[in-house]
Amino acid sequence: MQQLSLPRPDDWHLHLRDNELLATTVPASASVFGRAVIMPNLVPPVTDAQQAMAYRERIMAEVPAGADFQPLMALYLTQQTSRVQVEEAAADENIIGFKLYPSGATTNSAAGVTDIEALDHVFAAMAELKVPLLVHGEVTTADIDIFDREKVFIDTKLRPLMERHPQLKLILEHITTSDAVAFVESMGANVAATITPQHLLMNRNDLLVGGVRPHNYCLPILKRREHQLALQKAAVSGSPKFFLGTDSAPHAQSKKEAACGCAGCYSAPAALELYAEFFERMDALDKLADFASHFGADFYGYPRATETVTLRREPWQVAATIDTAVGPMVPYWANETLNWQVEK
Ligand SMILES: NC(=O)N[C@@H](CC(=O)O)C(=O)O
Ligand SMILES: [Zn+2]
Ligand SMILES: [Zn+2]
């Protein structure tokens, strides 16, 4: 196969950051994706509808002419989030749901949730008003090993949460373990998951063998190979519960290549091509359109895209660095080759 057309894909988990960096990050995603869920972990976080609208306007100002890009704003859930805010979110077509960051779990999560159970009235309102809950699923206590944090979160927080709120529409984001796959499969159609390119293409060897590779460092951290295999199987299974969310998370090169490097892979410059690479390696290119363009829209209740994008089989090399307003950035897969290229 030399050419592959699919309905315009959507990115159901994306970090664009803010201000001058938007001139780089928005075109990178808007040139390929039709819709994207915009993560709210700015400093300060995007916690209410007003802040989200102001942020959305800053994003829209950077959408290239001719691109039809729809940012779907996620609001940052805090211990102070109220039922009124859930009602506001439900009434606002530009807001997709609330994002739960356990406090301390990841980049800019300090304002996140410290006591999930204390927010039960908020989750009840979300279930009632059909407002989705997007979850970074990791516990944060020092006694739990970083490689076990997703599984422990599922067992101690998520399963009980779903028992208390069985109707809650929940997306476990950037899943990394066979435990997460099993959890999602064990739940009803109101529970789904996104999977990143790095968790499909890599395991923890790619982070640590032969030297530490900071550009493959993200959270939840890459796991052992058997978990990667479980994610791969889920992605090509044809189950509508698993779909595309890049978690493209740009950090300046100087912040990644540092004594205490930031977590996040900037995959947007090659996002769809990375997924195509994975699906081709799995001999499952026929499943790419469902994963990238159909299942997420179906789950969230948006119409499937009618426009198409075309991938050509024309190997290319991902840039070593990308110049941005905050200095050079090393994209995920830098200097490596990809077989497929999006026609732009
Ligand atoms: N995935 C990451 O490693 N980093 C993300 C935050 C997140 O999605 O957890 C970021 O904002 O940098
Ligand atoms: Zn996260
Ligand atoms: Zn993320």
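**Core and annotated sites**

Guide: Ile38, Leu75, Phe98 and Tyr275 touch the most other members of the largest nonpolar core, which has 96 residues. Such a core is a set of buried Ala, Val, Leu, Ile, Met, Phe, Trp, Tyr and Cys residues joined through C-beta atoms within 7 Å. Buried means 20 or more other C-beta atoms within 10 Å of a residue's own, with C-beta atoms placed from the backbone. Helix α11 (residues 271–281) gives this core its largest share, seven residues. Helices here are DSSP runs of H or I, at least four residues, and strands are runs of E, at least two, numbered from the N terminus.

This is a predicted model, where local features need pLDDT of at least 70 and side-chain atom pairs count only at pLDDT 80 or more, while totals for chains, interfaces and linings use all residues. Residues are numbered from 1 along each chain as its sequence is written, and chains are lettered from A and ligands numbered from 1 in the order in which they are written.

Visitor: What does Phe98 touch, leaving out residues up to four places away in sequence?

Guide: Ala74, Leu75, Leu77, Thr81, Ala89, Met126, Val131, Leu133 and Leu134. Contact means C-beta atoms, placed from the backbone, within 7 Å.

Visitor: New topic: which residues does UniProt list for "binding site"?

Guide: The unreviewed entry lists His13, His15, Lys99 and Asp247. They are spread over 235 residues of sequence, yet cluster in space, with a largest C-alpha distance of 13.2 Å. UniProt annotations may be inferred rather than shown by experiment.

Visitor: Is Lys99 buried or exposed?

Guide: Lys99 is buried, because 28 other C-beta atoms lie within 10 Å. Lys99 sits in strand β5 (residues 95–100), and its contacts beyond four places in sequence include Met39, Pro40 and Leu134.

Visitor: And where is Asp247?

Guide: In the loop between β9 (242–244) and α10 (253–256). The unreviewed UniProt entry also annotates Asp247 as "active site". Asp247 counts as buried because it has 26 C-beta neighbours inside 10 Å. Beyond four places in sequence, Asp247 contacts His13, His174, Thr196 and Cys218.

Visitor: What surrounds ligand 1?

Guide: Among the residues are His15, Asn41, His136, Cys218, Asp247 and Gly264, where a residue counts as near if its C-beta atom, placed from the backbone, lies within 6 Å. The shell has four nonpolar, six polar and one charged residues. Ala, Val, Leu, Ile, Met, Phe, Trp, Tyr, Cys and Pro count as nonpolar, Asp, Glu, Lys and Arg as charged, and the others, Gly among them, as polar.

Technical notes. A residue is buried if 20 or more other C-beta atoms lie within 10 Å of its own, exposed if 12 or fewer, and partly exposed in between; C-beta atoms are placed from the backbone. Two residues are in contact if their C-beta atoms, placed from the backbone, lie within 7 Å.
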